Amino acid sequence: MALNNLFTHKKILDEYLTAFLSEKKTALNGINSWGKESIDRLLPFITAGKSVRGCLALFCYNMFAKSDQTKIALPIAASLELIHAGALIHDDIMDQDDMRRHQKSMHRQFNQFSTDKHFGESMAINIGDLCFFLAFEQFATVNSPNIAKIISLASREFTTVTVAQQFDVASSYLSHESTKDEIISLYKTKTARYTFSLPLMMGGLLANTNDVTLKILETLGESIGILFQIRDDELSVIGDIAITGKPVGSDEKNRKQTLIHLYLQEENTTDYATSNARDRIQTIKKHYENLAKQTLENLPIDTIYNQTLQELIVFCGTREE
């Protein structure tokens, strides 16, 4: 499968993150034992994910730089995975989720030290913050004339994610019934842009691509990302925890505003598998799959990279984890 060309980057990225975090563990242990404890818990958490964002940044850099010097883009890929890990740790606290990536969520892991849930949440917040600051340390090692643009782009996108997350939380707690357009906007601003558009554009910037190409990457990432999130919603309803590593039904438990939730409400049913909502979701997924493929046609890349992205589009709409 051509898609292997994307995810083969995970091995080198995991090795890079392991070496970096192991070095930080030694330094932080010199402050106090919680520094070592934090890295010991963070390392298996960060390497247990699919590393979609980091792999995309490495893949896109190679796609345009036409170079085997993947190591040049490793700090950017690592920063993306660190920030993503921190965001997930904080997200699990907000959603009160017990599992992530086939292991206890970070705040639940600290139950062994104290039965007071506030202790675990406080420690996990600190580890999430640590991820963000370690990401900035990685950014500082990037040797590129475009580094200011790369950092500015990342900062803008993560600002967007934060405000989108506020809407998501507020909608859940304040019983706001979102419209289809609001939900699609949430998908784009909370997930799609920072999961796909951002790493593609960061890899492109590092490889000195032009503004027209960067815009195509941005648009492509939005369509793929919305498709990815809709499938994520489906897995929250019909997924297998043994595969996804996350409990089924967590979106409903947390009163998340999703297209599935909206359509099931309109039908006054909870049975997604036999509902008209399922057919409506498949239609929307097909729309974004076609949109992504149409955008991809405008991207000036070699055939092997095109095939990989074609497979990525299909994967995002059909994945099981």
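The charged end of Arg41 sits over the ring of Phe110, at 5.1 Å from the ring centre, where a charge counts as sitting over a ring if NZ of Lys or CZ of Arg is within 6 Å of the ring centre and within 35 degrees of the ring normal. A second case involves Arg53, whose charged end sits over the ring of Tyr194, 4.8 Å from its centre. Both belong to a predicted model, in which local features need pLDDT of at least 70 and side-chain atom pairs count only at pLDDT 80 or more, while totals for chains, interfaces and linings use all residues. Residues are numbered from 1 along each chain as its sequence is written, and side-chain values use heavy atoms, with hydrogens and water left out.

Consider next the chain as a whole. The protein chain has 15 helices and two strands; these are DSSP runs numbered from the N terminus, with H or I and at least four residues for helices, and E and at least two residues for strands. Its radius of gyration is 20 Å, close to the 20 Å that the globule rule gives for 321 residues, so the chain is as compact as a globular protein of that length. That radius is taken over C-alpha atoms, and the globule rule is 2.2 Å times the number of residues to the power 0.38. Of the 321 residues, 55% are buried, a term that means under 20% relative accessible area, against over 50% for exposed and partly exposed in between (1.4 Å probe, protein chains only).

Rings of Phe, Tyr and Trp (its six-membered ring) pair if their centres lie within 6.5 Å, and planes under 30 degrees apart count as stacked, over 60 as edge-to-face and the rest as tilted. The structure holds 10 aromatic pairs, one of which joins Phe158 and Tyr194 edge-to-face, with 5.5 Å from centre to centre and 65 degrees between the planes. Because Phe158 lies in helix 8 (residues 147-173) and Tyr194 in helix 9 (residues 180-206), this pair ties together parts that are 36 residues apart in sequence. Phe158 and Tyr194 are both buried.

We can now turn to the nonpolar core, meaning a set of buried Ala, Val, Leu, Ile, Met, Phe, Trp, Tyr and Cys residues joined through side-chain atoms within 4.5 Å. In the largest such core, which has 92 residues, Met63 and Leu299 touch the most other members, and helix 9 gives the largest share, 12 residues. Leaving out residues up to four places away in sequence, Leu299 touches Met63, Phe64, Thr213, Ile216, Leu217, Leu220 and Leu309, where contact means heavy atoms within 4.5 Å.

Leu309 leads on to helix 15 (residues 303-318). With 2% relative accessibility, Leu309 counts as buried, and its contacts beyond four places in sequence include Phe59, Met63 and Leu296. The C-alpha atoms of Leu309 and Ala2 are separated by 8.4 Å, although these residues are 307 residues apart along the chain. Ile313, also found in helix 15, counts as buried at 0% relative accessibility. Beyond its neighbours within four places, Ile313 is in contact with Ile224, Leu227, Glu289, Ala292, Lys293 and Leu296; from Glu289 it is 24 residues apart in sequence and 6.3 Å apart in space, C-alpha to C-alpha.
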